[in-house]
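Subject: Structure handover

Hello,

Here is the structure for you to look through. Please open it first, then read my notes below.

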Number of protein chains: 2
Amino acid sequence: MKRPLILISNDDGFSAKGIHFLVDIARRYGDVVVVAPDGARSGSSLSVTFSSVVKANLIKEEEGLKVYSCTGTPGDCVKLGIAKFCDRTPDLVLAGINHGDNSAVNVHYSGTMGVVKEGCLKGISSIGFSHFSHSMETDFNPMKPYIEKIISHVLENKLPIGVCLNVNAPDIPKYAGLKVCTMGEGVWQNEWEERISPRGFTYYWLVGDFKSVDKQDDNTDRNAMKKGYIAVTPVKINVTAFEAINNLSSLEQ
Amino acid sequence: MKRPLILISNDDGFSAKGIHFLVDIARRYGDVVVVAPDGARSGSSLSVTFSSVVKANLIKEEEGLKVYSCTGTPGDCVKLGIAKFCDRTPDLVLAGINHGDNSAVNVHYSGTMGVVKEGCLKGISSIGFSHFSHSMETDFNPMKPYIEKIISHVLENKLPIGVCLNVNAPDIPKYAGLKVCTMGEGVWQNEWEERISPRGFTYYWLVGDFKSVDKQDDNTDRNAMKKGYIAVTPVKINVTAFEAINNLSSLEQ
């Protein structure tokens, strides 16, 4: 019987520290194929490439590990990896470890979660790991036993079809444990830093402050992280607002 | 009292036929600010631009209408439009009319729905309109009374916070009406067309066939469109898989 096959991608690029850390953990659980962007793709969401071509290069090959860099988006990487570089359907799709937080509404912007949603759309159990620190020097070691616990659990039990996991760790040296959470709510404010170019035109950098609107007792990922937990938020692919259907039915008349 | 303010964007670019058609309708309901990409951004999802700058140009200004082209993604356009080019908070964010279908799981890839999700994340009632045909010559006139009905309804009643609308029209000359639906399920197959460049390297185009897995009686957007309806799917921003939380609680031990 073959070992589990684990496809790994990210949105920081194949050379980022976070993906190396995750690959080292994942190799103990199965054969690993990495298909990751050739550079930073933060904020990629589940974008895909329609209007230009996608290329990929085999960077590294050894027993139980192949690494490809890809010119496409994180979503492209998963699609291409499954179709072209995996000899069997992966048992698991992993993303990260992302250098930066993807909790709360950031699940919508995240390229890390783009990887995870695409894996989930393909019917594969998929997990995204993110760490609050943006530093490329982050020490991911405190996350390690928790990542192992989650991977073991998911390989053994699988996730329900249409459900994937968004795992976010605060930037602290010791965690209180794992907490299964809901998506935090909030809003980005002051999002644009306006500058004038040397030639006099106006341009903008996307920045901003996230203002949470969670109540103190809400079981959200943001609240869990504040209490020192690693937040595990199950995310669903079917985004229908079922509870709104009745109220809209007057549109049908 | 000021007229309603309507912010419009898309993922086909400010010069696409679909957005002109939508702007002409929307102007009857309020003042319109268009902030749309300077070219095609299909498949943008809710991607945003972190690693380069964003610029915008005022293309057109007349009574009740301003049009800006923007170098960013559809999501950037909404963020920048609200922050910099609207003199008050918009009452409505509209996207489209997209040249191509965004029903079923395509809500996740769609730049049109990226616009809509971003509007919704900002607490504004937001609606995306898409038409099954990819042709830039599409006749959108049959959609017109239905678009008017939906805009009127939403301006009057507002959408619940955290809920937006994904409206998809089949490519037929006469519609059976509007149908309020759930998101269809299915999977993209045969997604990559592999080619060899003149210089001998392999590259890929993202293509594919969508295989619906909806049952015949499911009230999905795909099924409604098959029956000649324009599908109105309410989409929620909180993507927590609440029903999966209990089953994952063993992770907390």
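Chain A has 5 helices and 13 strands. Both are DSSP runs, numbered from the N terminus: helices are H or I with at least four residues, strands are E with at least two. This is a predicted model, in which local features need pLDDT of at least 70 and side-chain atom pairs count only at pLDDT 80 or more, while totals for chains, interfaces and linings use all residues. Residues are numbered from 1 along each chain as its sequence is written, and chains are lettered from A and ligands numbered from 1 in the order in which they are written.

**Overall shape**

The C-alpha atoms of chain A fill a box of roughly 55 × 50 × 50 Å along the principal axes. Of the 253 residues in chain A, 52% are buried. Buried means 20 or more other C-beta atoms within 10 Å of the residue's own; exposed means 12 or fewer; partly exposed is in between, with C-beta atoms placed from the backbone.

**An enclosed helix**

How many of the 11 residues of helix H3 (residues 111-121) of chain A are buried? The count is 11 of 11, so H3 is largely enclosed by the rest of the structure. Its buried residues include A:Met113, A:Lys117 and A:Leu121. The cover includes strand E1 (5-9), helix H2 (74-85) and strand E5 (92-99) of chain A, together with strand E9 (186-189) of chain B. A:Gly123 follows H3(A) and has a positive phi, near 85°.

**Where the chains meet**

Chain A gives 64 residues to the contact, and chain B gives 64 residues. Two residues are in contact if their C-beta atoms, placed from the backbone, lie within 7 Å. On the chain A side, the elements giving two or more residues include H2, H3 and helix H4 (144-157). That side has 36 nonpolar, 16 polar and 12 charged residues. Here Ala, Val, Leu, Ile, Met, Phe, Trp, Tyr, Cys and Pro count as nonpolar, Asp, Glu, Lys and Arg as charged, and the others, Gly among them, as polar.

**The sheet in chain B**

In chain B, 9 strands form an open sheet with mixed pairing, in the order E3-E4-E2-E1-E5-E6-E7-E13-E8. E3 and strand E8 (177-180) of chain B stand at the edges, each with a single partner strand, so one side of each has no neighbour in the sheet. Two strands pair if DSSP finds at least two bridges between them. Strands E6 (residues 126-131) and E7 (residues 163-169) of chain B run parallel, joined by 5 bridges. In one of these, B:His131 has B:Ala169 as its partner.

Most residues other than glycine have a negative phi, and most peptide bonds are trans. Now look at the exceptions. The bond from A:Gly96 to A:Ile97 is cis, with omega near -10°. A:Ile97 is in strand E5 of chain A. B:Gly96 and B:Ile97 are also joined by a cis peptide bond, with omega about -10°.

A:Lys158 is not a glycine, yet has a positive phi of about 55°. A:Lys158 sits in the loop between H4 and E7 of chain A. It counts as partly exposed, with 13 C-beta neighbours inside 10 Å. B:Ser45 has a positive phi too, near 50°. B:Ser45 is buried, with 30 other C-beta atoms within 10 Å.

Best wishes
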